[in-house]
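Here are my notes from a look through this model. Have the viewer open while you read them.

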Amino acid sequence: MGDYVLSCCSTADLSKEDYKNRDIHFISNTYEIDGIRYVDDLGESVSYPEFYQAIREGAKTRTSHIDKASYVQYFEGFLKEGLDILHITLSSGLSVTVNYANEARDELKLKYPDRTIYIVDSMAASSGYGLIMETLADKRDQGADLKELYRWIIENRMNMNHILFSTDLTTYLRGGKLSKRSKVKAERKGYCQLLYMNYIGELVVKDRIRGTKNAKQWIVDQAFLVAGENYDGKVYMSHSDCLDDAKEVAAMLQERLPRIEGEIQIKDIGNTVGSHSGPGTVAIYLWGDTRVS
């Protein structure tokens, strides 16, 4: 592990095995289903299929940010061991959690003046956030020190692209991303929402398109435009209880980008992020010189 820890929030949507194998630490978010509060324990208390089925059946979901006190307790465990910290948070365009992480850092610096705590806003979410963490772990394992990693992520975080579509519009209606009238009209005509992460880390609706087949082609085309045919980096995908759709998109993208590093990894959208995306979302995450817009 060395003299510093690499850390994030559970909203990076990596698996428990990923966190363990890559020596990445995480602090858990919390979410609610019909007023009952759960810790985001990566699908152990409420499995991903159970969670998304509850939403389909009308359950109301909400999330809470990680507060200052939780961050203080979490960070101090490492500081007591004499370790420095690089903590990457969920995008500030989606949560205020980065503010509380910074407040916790400021408080702990008074108690541990010889330790370094870097807090970085990922400007990312779900497996885009996860791919950032995996890339940082790669660089750490190749010998990068704490300051090198900090500088690298500050310079490169905006190059992580998030390209999504959703076949289920109910949760986006609740989140205010489309009107009830638009939802009814879109569902009647069989439309899917097309979304992306913008330059201030917000998830925004770009357009809509008729039919899942066309939506799949759109995100593959967008990913190709961002990456180019010679892209040789990693590609992650995630889905909210629609694995078959994700697998089909992965096969299409693998054909368009034959030089990518390894196989496309498909992850679950966890219950915290899924509280806002709902079921039926498929997303592609990959590095590029600029974000799709």
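1. At what angle do helix H9 and helix H10 pack, and how far apart are their axes? The angle is about 40° and the axes lie 10 Å apart, for H9 at residues 212-227 and H10 at residues 243-256. That makes H9 oblique to H10 (under 35 degrees is roughly parallel, over 145 roughly antiparallel, 65 to 115 roughly perpendicular, and the rest oblique). Axes are lines fitted to C-alpha atoms, for helices over the stretch in contact, with angles from 0 to 180 degrees between N-to-C directions. Helices here are DSSP runs of H or I with at least four residues, strands are E runs of at least two, and both are numbered from the N terminus.

2. Before going on, the ground rules. This is a predicted model, where local features need pLDDT of at least 70 and side-chain atom pairs count only at pLDDT 80 or more, while totals for chains, interfaces and linings use all residues. Residues are numbered from 1 along each chain as its sequence is written, and side-chain values use heavy atoms, leaving out hydrogens and water.

3. Back to the helix pair: who makes the contact (heavy atoms within 4.5 Å)? On H9, the residues include Ile 219, Val 220, Ala 223 and Phe 224, and on H10 they include Val 249, Met 252 and Leu 253. Charged residues take part too, among them Lys 216 and Asp 221 of H9 and Arg 256 of H10.

4. Thr 89 sits in strand S6 (residues 84-89) and is buried at 0% relative accessible area (buried is under 20%, exposed over 50%, partly exposed in between, with a 1.4 Å probe and protein chains only). Beyond four places in sequence, its contacts include Cys 9, Tyr 71 and Tyr 129.

5. Phe 78, in helix H3 (residues 68-79), counts as buried at 10%. Val 5 is 73 residues away from Phe 78 in sequence, yet their C-alpha atoms are 7.7 Å apart.

Conventions:
Contact means heavy atoms within 4.5 Å.
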